[in-house]
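The following exercises are to be worked with the sequence and the coordinates at hand. Each task is followed by a solution in steps.

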Amino acid sequence: MVAIELAVVLLFIYLGARIGGIGIGLAGGAGVIALSLVLGVPTSQAYIPVDVILIIMSVITAIAAMQVAGGMDWLVQIAEDFLRKHPERITFYAPIVTFLMTLMAGTGHTAFSTLPVIAEVAKGQGVRPSRPLSIAVVASQIAITASPISAAVVAFAAMLAPMGVDYLTLLAVCIPTTFIACMVGAFVANFMGSELKDDPVYQERLAQGLIKLSDAKERNILPTAKTATYIFLGAIAFVVCYAAAISGSIGLIEDPALGRNEAIMTVMLAAAAAITLVTKIDASKIPSAATFRSGMTACVCVLGVAWLGSTFVNAHVDGIKELAGALLEDYPWMLAMVLFFASMLLYSQGATTVALMPAALAIGVAPLTAVASFAAVSALFVLPTYPTLLAAVEMDDTGSTRIGNYVFNHPFFIPGVTTIATAVALGFAFGGLLIG
């Protein structure tokens, strides 16, 4: 019976992946119906990661308010100016830009704005665009596991708290290890493929007049952009400082009236209100912002797939613990492999985290192993269908960022695997110093 139930879970995940986008959440809900009403597996509303969904909604609302006020355009302009000033180092500077933007915003979709700039700067410098584009996309994905306000980090921190690993310790491990891993990935990407001038596809497209160089475009930055951005960044700083103040390791505030998760929600909603009031933007435009739509899509995805996975895992947690507990104790790195392959299908760091990490911790996986393996939930680049990956392919008119005939032979694969493997290895090494 367990095999049938697992097959149902995998079937609906597959169907969701086929639908794409919000489909993984829709199929997850249908899968819960199949498990509960057809196969008799007990389920509960308690299996829904409500805090994660509410945090996504709150953070995305603040980001969308900042976007409406022009803050995102201003940040992209800063990133573009930085990249154009240092074109010769584009393969290393591009992932720094996408990493930092994702770190601040809690969503990798911020990379959409910078990918055209990366492609143009690389092309103008004679650098094969697939090199900086590939690692820039990977960096925007793995930075989710280091962002103080991402759904994945907040959810994981809540799971680790009862095990003695607080929010700040998680960030202290994840931020440096993922950033260093991105630089290692950039080093590898810098040697990927032939030089642009030697690429036959590039030469063919050049001869056909399909390649154009465009100059830097001047964006119309709204006068409210800087104010909105400062309010948003101030809110992030307040959240991190408050989390430090109430943490067990620092303990400046004992028995706080407002918990960490509640603080993130309320501060982000307050930040959105402050942006709206101070900059006098039209609040009715916030729900139509691109970041708001993508955030609400993420909420549905997390709701469906996490509920589906939790329903199956909680029904068989003892059996899973008996089967996998000893194996993971002997080979802790295998958790990273499981998370890697799961995130390929779930297409969401947050969904992968809430679907699998509770099961891993329930069967006795050591906190260090879980933290070190966390970066592996970022393998969204493996299948060449993720939005930012496809955008990078479309924006490179040289043809160097292309998907091969065998699905996995694309320029994102090797830098991505290198980055995740390095982050996991560094996680074990660095995490061992901070986690007992």
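**Exercise 1: Ala359**

Classify Ala359 as buried or exposed from its relative accessibility.

Solution. Ala359 has a relative accessibility of 11% and therefore counts as buried; buried means under 20% relative accessible area, exposed over 50% and partly exposed in between, with a 1.4 Å probe and protein chains only. Ala359 belongs to helix 16 (residues 349–362), where helices (H or I, at least four residues) are DSSP runs numbered from the N terminus. The C-alpha atom of Ala359 lies 9.4 Å from that of Gly309, 50 residues away along the chain.

The model is predicted: local features require pLDDT of at least 70, side-chain atom pairs count only at pLDDT 80 or more, and totals for chains, interfaces and linings use all residues. Residues are numbered from 1 along each chain as its sequence is written, and side-chain values use heavy atoms, with hydrogens and water left out.

**Exercise 2: Salt bridges**

Determine how many salt bridges there are, and characterise the pairs Glu80–Arg84, Glu120–Lys123 and Glu195–Arg131.

Solution. 

1. The criterion is a side-chain nitrogen of Lys or Arg within 4 Å of a carboxyl oxygen of Asp or Glu. The count by this rule is four.
2. For Glu80 and Arg84, the closest N and O atoms are 3.0 Å apart. The two residues are four apart in helix 4 (residues 71–85), so about one helical turn separates them. Glu80 is buried at 3% relative accessibility, whereas Arg84 is partly exposed at 28%.
3. Glu120 and Lys123 meet at 3.2 Å, N to O. They are three residues apart in helix 6 (residues 111–125), so they too are separated by about one helical turn. Glu120 is buried at 16%, and Lys123 is buried at 9%.
4. Glu195 and Arg131 have their closest N and O atoms 3.3 Å apart. This pair links distant parts of the chain, 64 residues apart: Glu195 is in the loop between helix 9 (167–189) and helix 10 (200–207), and Arg131 is in helix 7. Glu195 is partly exposed at 38%, while Arg131 is buried at 5%.

**Exercise 3: Helix 7**

Solution. As to cover, 13 of the 13 residues of helix 7 are buried.

**Exercise 4: Core and surface patch**

Identify which residues have the most contacts inside the largest nonpolar core, and which residues form a nonpolar patch on the surface.

Solution. 

1. A nonpolar core is a set of buried Ala, Val, Leu, Ile, Met, Phe, Trp, Tyr and Cys residues joined through side-chain atoms within 4.5 Å. The largest has 135 residues, and Phe156, Leu170, Phe232, Met268, Phe374 and Phe381 have the most contacts inside it. Helix 3 (residues 50–68) supplies the largest share of this core, 12 residues.
2. Beyond its neighbours within four places in sequence, Phe381 is in contact (heavy atoms within 4.5 Å) with residues including Val138, Gln141, Phe340 and His410.
3. The surface patch consists of Tyr331, Trp333, Met337 and Phe341, with about 440 Å² of accessible area together. Patch members have over 30% relative accessible area and no salt bridge; like charges are joined within 9 Å, and nonpolar side chains (Val, Leu, Ile, Met, Phe, Trp, Tyr) within 5 Å. Accessible areas come from the Shrake-Rupley method with a 1.4 Å probe, and for residues only the protein chains shown count as cover.
4. Met337 is in helix 15 (residues 334–346) and is partly exposed at 40% relative accessibility.
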